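Please have a look at the model first.

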Amino acid sequence: RQQHRVQHGPCSYTFILPEVNHCQPLNDLKVSNTFQRDSPQASTDEQKLESLESAMENNTQWLQKLENFIQENVRSGMEEMKRTAVHTQTAAMLEMGTNLLTQSAEQTRKLTNVETQVLNQTSRLEIQVLEYSLLTNRLEKHILQQTQEISRLGDKNSFLEQRLSALEARYGKELQELESEKEQLQKLVERQSQTVSQLQAEVGSSMHNSTLMQRQQAMLMNTVQQLLATVNNCKEISSVASGDLLTFRDCAEILQSGVTDSGVYTIRLPNSTQTVKVFCDMKTGGGGWTVLQHRRNGSVDFHRGWRDYKMGFGELSGEHWLGNDIIHKLTTSKDYSLHILLKDREGNEAFSNYDRFYINGEENNYSLYTENYSGTAGRMSSLAHSGTQFSTKDRDNDRCTCRCAQLASGGWWFEACGPSNLNGIYYSSSTSTMRYNDIKWYYWKGSKLMAAMTTMMVRPTNF
């Protein structure tokens, strides 16, 4: 058998054909062109030839069928290959399209997220801008009100200064007139005394006129008594006038002079010619208190800078801070005690008292000194320890890495922000949320103190 292989594309076809090249004829077989019908050998050859022809026809038919089968298989194979190629290309295109759609969807989702974030950020910025605008408007209104209030207080202060100058001039003039009258009365008394002496001498020399002289003497004595009473009245008037010329060093001396009404008075700072106005509390604990700080309604902004706390601000009859320079000069002139009054929104009251209190000068940043705490506003003092320096929003002297005056608001003796701050934000009664920057006195009400009133005042220790 001989094998023949045909390769058509990816398909391989193998054919097995009969072998005729190596077939040897018999020795006694002789091929002749002579047609011998009658010979048995000739008939045998014819049969062989016929069988060969039949075999060739069969082989030819078989080859035709095989060729047809091969063509059909090749055609179906080609069509299958084409379909496979088309399917493969289609699948590849679909896969590429799917990948592109997936990537496009992912990019669209990312763009949507970015757009959403941008819109949210834009909305937040718009809200913040609106809030800043509202805050700016409120601050402008508040500044305008404060400017108007300062202008009004300036006008009132000018008027009061003019009135004080007029009163001082009038009292000075009256004092000079009283001094002049006093001198005239003294001269008159001297003359009357001389007259009395002469009359007594005349009485001694002329006893017969004793009755008349006694009457004259009685009249003269009455006149002298009247003159002495007038002189005493002049002395009292002179002492009152001198008291009106601002010789008091604090509210305790004003109380000792006979004044018992609380109000605004003028004092002269010790060892100085400077006069300042202060509010005197003549009722609490026997009176005589010089008020350093007072808050009751939040009408005055206490979140101020170093200079304001140095010079003082506010209205003496209402909310105010007396001024660190004045407090220093007053409390270092002699021993003073400090009294702090507190009141919450429910009407509960408490106090803290210090037997000794003073603050140093600006060169030491108005550092604090206290001694011997007692009171009902906590079992221990909420005020900072001695040596603590004063801090404001523009001058940080605390012992914290943060800026306590900015964080807790106001000016105060902050250590590491500390348990007290009577100059924090005064929140109205409608506010119920606890805030870190409000008025604080920790050891009385902890962080839940909603203060309605605070007062700091001093009085001589030996009062």
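Predicted model: local features only at pLDDT ≥ 70, side-chain atom pairs only at ≥ 80, totals over all residues.

Let me begin with Trp-412, which counts as buried at 0% relative accessibility, where buried means under 20% relative accessible area, exposed over 50% and partly exposed in between, computed with a 1.4 Å probe on protein chains only. Residues are numbered from 1 along each chain as its sequence is written, and side-chain values use heavy atoms, with hydrogens and water left out.

Turning to the pairs, the structure holds 13 aromatic pairs, a pair being two rings of Phe, Tyr or Trp (its six-membered ring) with centres within 6.5 Å, called stacked when the planes are under 30 degrees apart, edge-to-face when over 60, and tilted for the rest. One of them joins Phe-390 and Trp-413 edge-to-face, at 5.2 Å centre to centre and 80° between the planes. Phe-390 is buried, with a relative accessible area of 0%, and Trp-413 is likewise buried, at 3%. Trp-413 also pairs edge-to-face with Trp-412, at 5.2 Å centre to centre and with 65° between the planes.

Over the ring of Trp-306 sits the charged end of Arg-395, 4.2 Å from the ring's centre, the criterion being NZ of Lys or CZ of Arg within 6 Å of the ring centre and within 35 degrees of the ring normal.
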